[in-house]
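Here is a short report on ring pairs, helix packing, strand pairing and backbone angles. Keep the model open while reading.

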Amino acid sequence: LLSIKGHQYTLDVLEDAREAPAASGEPTSQPLPFDREINFDAVSYRYPDGSGETLNQISLTIQKGECVGIVGPSGSGKTTILNLLLGFLRPTSGRILIDRTELTPDRHGAWYRLIGYVQQEVFLLEGTLRENIVFGVPSDQVDIGRLNDVIRLASLEEFIGSLPQSVDTPVGERGATLSVGQKQRIGIARALYSGAQILIFDEATSALDPGTEAEITESIRQLSLEGYTVIIVAHRVTTLRHTQRIIELKKGALSHETTYGAISRQL
């Protein structure tokens with residue numbers, strides 16, 4: 001009862017959201033073409049209670065099929081860039097363009113069908129491996145061919161092949177029977193099964209040991225070779241081993257671009 005009382009405020013939040021006016025612009029069911037690039041066109045962002053710009057005039061282009069790393073100290077704007085790219089925030093000024101089409105709230109539904117987000121701690125249902133990969137798709141509608149493809153791309157073939165129940169193996173509460181690295185690969189497979197063309201890794205390897213991190217970075221390399229667009233935010237430079245370029249942020253602005261080879265020579 002005390003727990004219910006302590007969380008009663010969530011009902012107020014939900015009520016406010018229900019009564020809030022709809023966002024301007026009718027949602028569109030039209031697909032959002034992505035054949036060339038993602039472009040940040042002089043994007044700035046200031047939090048409502050902030051005293052200055054968190055991001056300041058960011059101009060950045062990421063080509064389709066490119067593998068890009070984003071680094072920078074805490075407070076440099078890495079998370080804000082991700083939140084803007086994911087549609088959780090809107091630029092204070094400037095535009096985010098997908099093949100010259102501005103990413104506006106009415107296009108978020110189409111945009112979400114293109115992107116997959118893999119974070120540090122992957123949420124897992126207390127179900128089977130299959131259920132956690134297809135995530136919400138009824139069992140009689142699962143595309144077995146696609147399921148097998150994403151298992152291969154996420155480097156899960158050997159692990160799943162070693163299990164007596166294969167993809168029907170229960171994962172336990174919050175994935176209790178899995179290692180951190182296996183959970184990460186399930187997160188990758190889930191994003192791929194949903195049809196994502198753009199994969200965003202948000203500190204996805206920061207809790208991994210070096211051996212498991214190497215396995216995940218190899219999976220990222222394979223995804224890049226398959227033509228997926230990969231964006232990685234990381235503190236560990238080794239996570240960026242297979243990126244084509246690395247973008248460094250400082251105090252909300254682009255500092256410079258470099259490569260993993262250039263950084264590793266400095267270490």
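The model is predicted. Residue numbers run from 1 along the chain as its sequence is written.

**Aromatic rings**

With ring centres required to lie within 6.5 Å, there are two aromatic pairs. One joins tyrosine 45 and tyrosine 47. Their centres are 4.8 Å apart and their planes meet at 85 degrees, so the pair is edge-to-face. Tyrosine 45 is buried, at a relative accessible area of 7%. Tyrosine 47 is partly exposed, at 28%.

The other pair is phenylalanine 123 with phenylalanine 135. Here the centres are 6.4 Å apart and the planes stand at 80 degrees, so this pair is edge-to-face too. Phenylalanine 123 lies in the loop between strand S6 (115-119) and helix H5 (129-134), while phenylalanine 135 lies in the loop between H5 and helix H6 (144-153). The pair therefore ties together parts that are 12 residues apart in sequence. Phenylalanine 135 is partly exposed, with a relative accessible area of 36%.

| Charged residue | Ring | Distance to ring centre |
|---|---|---|
| Arginine 190 | Phenylalanine 135 | 4.0 Å |
| Arginine 146 | Tyrosine 193 | 5.1 Å |

Arginine 190 lies over the face of phenylalanine 135. The charged end of arginine 146 sits over the ring of tyrosine 193.

Which residues does asparagine 132 contact, beyond its neighbours within four places in sequence? They are Leu124, Leu125, Gly127, Val171, Ile186 and Arg190. Asparagine 132 belongs to helix H5. It is buried, with a relative accessible area of 0%. One of its contacts, Arg190, is the arginine that lies over phenylalanine 135.

In H6, the buried residues include Leu147, Val150, Ile151 and Leu153. Viewed down the helix axis, the buried residues of H6 fall within an arc of 165 degrees, so they line one face of the helix. What do they pack against? Their partners are H5, helix H7 (157-161), helix H8 (180-193) and helix H9 (210-225).

The N-terminal end of H6 is capped by aspartate 143. A side-chain oxygen of aspartate 143 lies 3.1 Å from the backbone nitrogen of glycine 145. Just after H6, serine 155 takes a positive phi of about 60 degrees.

**Strands**

Four strands form an open sheet in the order S2-S1-S4-S5, with antiparallel pairing. S2 and strand S5 (101-102) are the edge strands, and each pairs on one side only. Strand S1 (residues 37-45) runs antiparallel to S2, and six bridges join them. Phenylalanine 40 has leucine 60 in S2 as its bridge partner.

**Positive phi angles**

Most residues other than glycine have a negative phi. Glutamine 57 is placed in strand S2 (residues 55-63).

Lysine 251 is not a glycine either, and has a positive phi of about 50 degrees. Lysine 251 is found in the loop between strand S9 (245-250) and strand S10 (253-258). Is lysine 251 buried or exposed? Its relative accessible area is 81%, so lysine 251 is exposed.

Definitions and conventions
This is a predicted model: local features need pLDDT of at least 70, side-chain atom pairs count only at pLDDT 80 or more; totals for chains, interfaces and linings use all residues. Side-chain values use heavy atoms; hydrogens and water are left out. Rings of Phe, Tyr and Trp (its six-membered ring) pair if their centres lie within 6.5 Å; planes under 30 degrees apart count as stacked, over 60 as edge-to-face and the rest as tilted. Buried means under 20% relative accessible area, exposed over 50%, partly exposed in between (1.4 Å probe, protein chains only). Helices (H or I, at least four residues) and strands (E, at least two) are DSSP runs, numbered from the N terminus. A charge sits over a ring if NZ of Lys or CZ of Arg is within 6 Å of the ring centre and within 35 degrees of the ring normal. The arc is that of the directions from the helix axis to the C-beta atoms. Contact means heavy atoms within 4.5 Å. A polar contact is a pair of N or O atoms within 3.5 Å; within protein, one must be able to donate a hydrogen and the other to accept it, and residues adjacent in sequence count only if both atoms are side-chain atoms. Two strands pair if DSSP finds at least two bridges between them.
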